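Subject: Structure for your review

Dear colleague,

I am passing on the structure below, and would be grateful if you could read the notes that follow with the model open beside them.

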Amino acid sequence: MADRVHPRGSPSHNETTQFPHTSSPQSSRTPSPPESEKLVPPPGTYVIQIPKDQVYRVPPPENATRYKNYTRQNPRRSSCRCCFCWLFGLVAALILLSAAAAGIFYLVVRPESPNYSIESIAFKGFHLTTPSPSSTISPEIQVTVRVQNPNKKIGIYYGKKNSVKLFYSDIKLCDGALPAFYQPSKNVTEFRTALKGSGIKLTSTVQQGLVDAQRQGKVPLKLDLRMPVRIKVGAIKTWTITVKVGCDLTVDKLTTEAKIVSKDCDYSVDPW
């Protein structure tokens, strides 16, 4: 049999075709480490895997009500907060306006305190020459009160429901009232009023104290006045306030010719 003729350049049947060596992608990859060398999370760290079909963009029906309770705002609470804010703002505005009005009033009017004093006093009905275990007296006292209004733009109304009381050692000796009158600005008013006491009981100790005080020429007394007052500024009149005047007096004797040795008057105001 004749030999087979091969084309030029073709390898013979017995020759092995040699291909150039090329590296495959898998052969160039770094070999994966064994299972024991894989990275594990540090202790106390947990990785939770949830199936994708269980991830909800909206809460599931069984949790919808709870979600609404968390996200819904209580309208009553919000309205209460709004009302509180409005009330707080209103009160703050009123306080600021009142402070401004008071400041303007003071700068324009320049108010000054009125002055009160006792000018004279006379006694009747004190017969204490011979102290007895229990004595009853009915004294009559004439007192002159001086009231000065130093203000330029303020008038003062003194009401009827007032009282004047005279005390010795916390024992009321007599009482009376002042006449009602209006005192204009820059005015000084003096008025004389009668104070009377009936059936005033004095113990022997009190009688002896009065006798000794007259001998020394220093009888301590206290005069209390309570007067309802209204202030007038221009055409505006305030509400009624109560003026309380307390005067500490010392007289030389308890007769019609008594003289005031010392006096000290102070006052306070009850605005309501």
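Helices (H or I, at least four residues) and strands (E, at least two) are taken here as DSSP runs and numbered from the N terminus. This is a predicted model, in which local features need pLDDT of at least 70 and side-chain atom pairs count only at pLDDT 80 or more, while totals for chains, interfaces and linings use all residues. Residues are numbered from 1 along each chain as its sequence is written, and side-chain values use heavy atoms, with hydrogens and water left out.

The chain holds 4 helices and 13 strands. Of its 272 residues, 24% count as buried, where buried means under 20% relative accessible area, exposed means over 50%, and partly exposed lies in between (1.4 Å probe, protein chains only). Its accessible surface comes to about 20,700 Å², with 56% of that belonging to carbon and sulfur atoms; the areas come from the Shrake-Rupley method with a 1.4 Å probe, and for residues only the protein chains shown count as cover. Among contacts (heavy atoms within 4.5 Å) with a separation of 6 or more, 70% are between residues 24 or more positions apart.

Helix α4 spans residues 204-216, and its 13 residues reach 18 Å from the first C-alpha to the last, close to the 18 Å expected at 1.5 Å a residue (the expected span being 1.5 Å times one less than the number of residues). Val206, Gln207, Leu210, Val211 and Ala213 are buried in α4. They lie on the same side of the helix, because they cover an arc of only 165° around the axis, the arc being that of the directions from the helix axis to the C-beta atoms. Their cover includes β2 (134-137), β5 (163-168), β6 (171-176), β9 (200-203) and β10 (219-233), whereas the face turned away from the buried side carries the exposed residues Thr205, Arg215 and Gln216. Just after α4, Gly217 takes a positive phi of about 75°.

Strand β9 contains Ile200, which counts as buried because its relative accessibility is 14%. Leaving aside residues up to four places away in sequence, Ile200 touches Ser135, Thr136, Ile137, Pro139, Ile171, Lys172 and Leu173.

A search of the whole structure finds 6 salt bridges, each defined as a side-chain nitrogen of Lys or Arg within 4 Å of a carboxyl oxygen of Asp or Glu. One of them joins Glu119 and Lys263 (3.7 Å, N to O); since Glu119 lies in strand β1 (residues 115-124) and Lys263 in strand β13 (residues 260-270), this pair ties together parts that are 144 residues apart in sequence. Lys172 pairs with Asp175, their closest N and O atoms being 3.4 Å apart. Within α4, the side chains of Arg215 and Asp212 meet at 3.9 Å, N to O, and these two, 3 residues apart in the helix, are separated by about one helical turn. Arg215 is exposed, at 66% relative accessible area, while Asp212 is partly exposed at 31%. Salt bridges that share partners also join Lys222, Asp224 and Asp248 into one network.

Finally, Leu87, Val91 and Ile95 form a nonpolar surface patch with about 280 Å² of accessible area together. Patches are made of residues with over 30% relative accessible area and no salt bridge, like charges being joined within 9 Å and nonpolar side chains (Val, Leu, Ile, Met, Phe, Trp, Tyr) within 5 Å. Val91 lies in helix α3 (residues 75-109) and, at 41% relative accessibility, counts as partly exposed.
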